[in-house]
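Dear colleague,

Please find below the sequence and structure that I am handing over to you. My notes on what was found follow.

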Amino acid sequence: MTESQETVFLQGHIIDSLILAKILDTILMMGGTFDLQDVKIGATRDAESQARIVVRAPSSRVLGDILRAVQPHGAAIEREADCRYEPAPARGVFPEQFYATTHLPTQVRLDGEWVEIEGMEMDLGICVDPAKSCARTVPMGAVTAGELIVTGREGIRVTPLARPAERDVFGFMESVVSSERPHQPVIADIARRMQTLRERHRQGGAGAKVLLAGGPAIVHAGGRDALTWLVDQGYVQVLFCGNALAAHDMEAGLYGTSLGYGLAAGRSVPHGHEHHLRTINRIRAIGSIQAAVRSGVVADGIMAACVRRDVKMVMAGTIRDDGPLPGVLTDSMAAQQAMRAEIRGIGLALLVASTLHAIATGNLLPATIPTVCVDVNPAVPTKLADRGSFQAVGLVMDAASFLTELARELGWRP
Amino acid sequence: MSRLLVCPPDYFRIDYEINPWMRRTNAVDPSRAADQWQVLMDVLAHDVAAGIEQMRPVKGLPDMVFTANAGVVIGRRALVSRFRYPERQREEAHFERWFREQGYEVIILDKSLNFEGAGDLLRFPDTWFGGYRQRSDIQAFPKIGDIFQRVIIPLELIDARFYHLDTCFCPLSGGELLYFPSAFDSYGKAAIAQRISEDRRLVVPEEEALRFACNAVSIGKQVVIQAGCPRTTQLLEACGYRTYAVQLDEFMKSGGAAKCLTLALD
């Protein structure tokens, strides 16, 4: 979706004469929207007022039509400047005054034209190619010397999120975090959306993939079967996790335990603490999770379903990992880059029971992607919101309950 | 005593078409136009007792007869018009010279703004109204409001036949408004209603609006109006105005009547 926008300025007796009302009505009637900025209403009836109006339209043609219609009523277009840029001074170093991105849709002005930035993500720089009239985000560590990086704040437009047409829990795009909040309607909304996305994805539609970023508590808490079912039914296309989720999932398959606790019996099993190590060792011996699944060694569970359904998996390692499993990326920057590559085409992100992966994924997601953060600890969705992912809907609940309810809502009958 | 600026119709004719009334084929009868203009002068000078200031007409500038478009005069300050069409832009220098010669402090607007004088700026004691879209630019009004420290409510003129505000909107000296509502959109009508109460709004019927009933000169309790507007005349008389009907159909060929032929000098 490429929205076009222009700012217009209006002054005079615009309130009493209803000129402001006429202009705003005209914008809406012609298919545009507006944001009123810097409205100064005259202190008395005889004092003049002024308004700065950001006019938005679904295309530059509609925008042009709207501007032509409102200009005779005194709406003057405010010409903006091109963005400024400087070459990166060295590899991995931005120019001193670099512009740091938000995760909101952003455009930069190059040679008079507003150019949409590719790969919107928070906390990056913007690399421009004026000759090709294109712009993309670039992480600090990935910049090469001489790349042109946007500096200052001129010629940069950040578009606030438009309220989506769907009137579900995502319509508000706000992270209300409360354990008191009834979960069922929220989960029903998520399920409805997943149903729609699966349909769209099957028809080859863009932006219809569902991402799940999860922690091992999914397995500990008993959400393994529900998530396996969701993957098997084609509701999940991308999985972000660490060494632990994969290890405990396969441990459960091989030993019936999760971190040594019998999942069925609910108590520790003799030498159970070794199970995850033996699991990791076994997979390392086989060479890959994929090979372990294909050879039948790992026959059930989340990993098996992901391999069967060809789910894109990015496993990012941490400093406390055992093993790790083959396929776990131990270079954090390489892991970040691999996750970034899978963000494209995501239509819904579920961040379940992992502080680390929830925050890391939240940092990579554009604000336009509906996001749910589920954790028993209210601090996790709060922390996610504090770090800028304000669009995430927070659900304070246990991972297994969430996944089980979600799967049931979608037709799972264990 | 009210004073009015006028310009004799010596060179009045239809040389070009810049409003829907003008047809070059619909030629002006010069002697009839001169007679009609003279009758108007007699009514203004003798019946209404206005002071008449006459300026010299210029050959090749047929519309200089419509002095309402020379500018706006407030006290000893004269704001000179900037015409939209090149055909009338050549009048600007002559009007400016006349104001200077009479000792007015002349004010010139930004060249980029069109503003056609008292044709598009009409005054009630507390509020002024500005017509825009057809001839004047709305952006002129905040500037003029600043110059004269007055509130100017802009009104869009939506019907090309009523191309100046004074063709469809006439403030009367008693605070009433004579007007033709269909020349305005709903926003304009609502803005007028906010400032002028219903009992003070006199609605001119369409057939008389098309005879320039609103293009009347109101001085004290007297109104000079185009002949053939009986219902408007009745409305005025019911409000206690004395009316003087004058036949100005030669000037209507160019899209003007009594008010267009005069400019109020304070």
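**Findings**

Chain A has 13 helices and 20 strands, where helices (H or I, at least four residues) and strands (E, at least two) are DSSP runs, numbered from the N terminus. Please note that this is a predicted model, in which local features need pLDDT of at least 70, side-chain atom pairs count only at pLDDT 80 or more, and totals for chains, interfaces and linings use all residues. Residues are numbered from 1 along each chain as its sequence is written, while chains are lettered from A and ligands numbered from 1 in the order in which they are written.

Of the 414 residues in chain A, 43% are buried (20 or more other C-beta atoms within 10 Å of the residue's own, with C-beta atoms placed from the backbone; 12 or fewer is exposed, and in between is partly exposed). Among contacts in chain A with a separation of 6 or more, 65% join residues 24 or more positions apart; a contact means that the C-beta atoms of two residues, placed from the backbone, lie within 7 Å.

Seven of the nine residues of H5(A) are buried, including Trp229(A) and Arg224(A). The cover over these buried residues includes H4, H6, H9 and H13 of chain A.

H5(A) packs against H13(A) (residues 399–409) at an angle of about 40°, with the axes 8 Å apart; axes are lines fitted to C-alpha atoms, for helices over the stretch in contact, and angles run from 0 to 180 degrees between N-to-C directions. H5(A) is therefore oblique to H13(A) (under 35 degrees is roughly parallel, over 145 roughly antiparallel, 65 to 115 roughly perpendicular and the rest oblique). Ala226(A), Leu227(A), Trp229(A) and Leu230(A) of H5(A) meet Leu403(A), Thr404(A) and Ala407(A) of H13(A). By class, the residues of this contact are six nonpolar, one polar and no charged (Ala, Val, Leu, Ile, Met, Phe, Trp, Tyr, Cys and Pro count as nonpolar, Asp, Glu, Lys and Arg as charged, and the others, Gly among them, as polar). After H5(A) comes Gly234(A), with a positive phi near 85°.

Finally, the contact between the chains takes 14 residues from chain A and 14 residues from chain B. On the side of chain A that touches chain B, H1(A) gives the most, with three residues. That side has four nonpolar, six polar and four charged residues.

Yours sincerely
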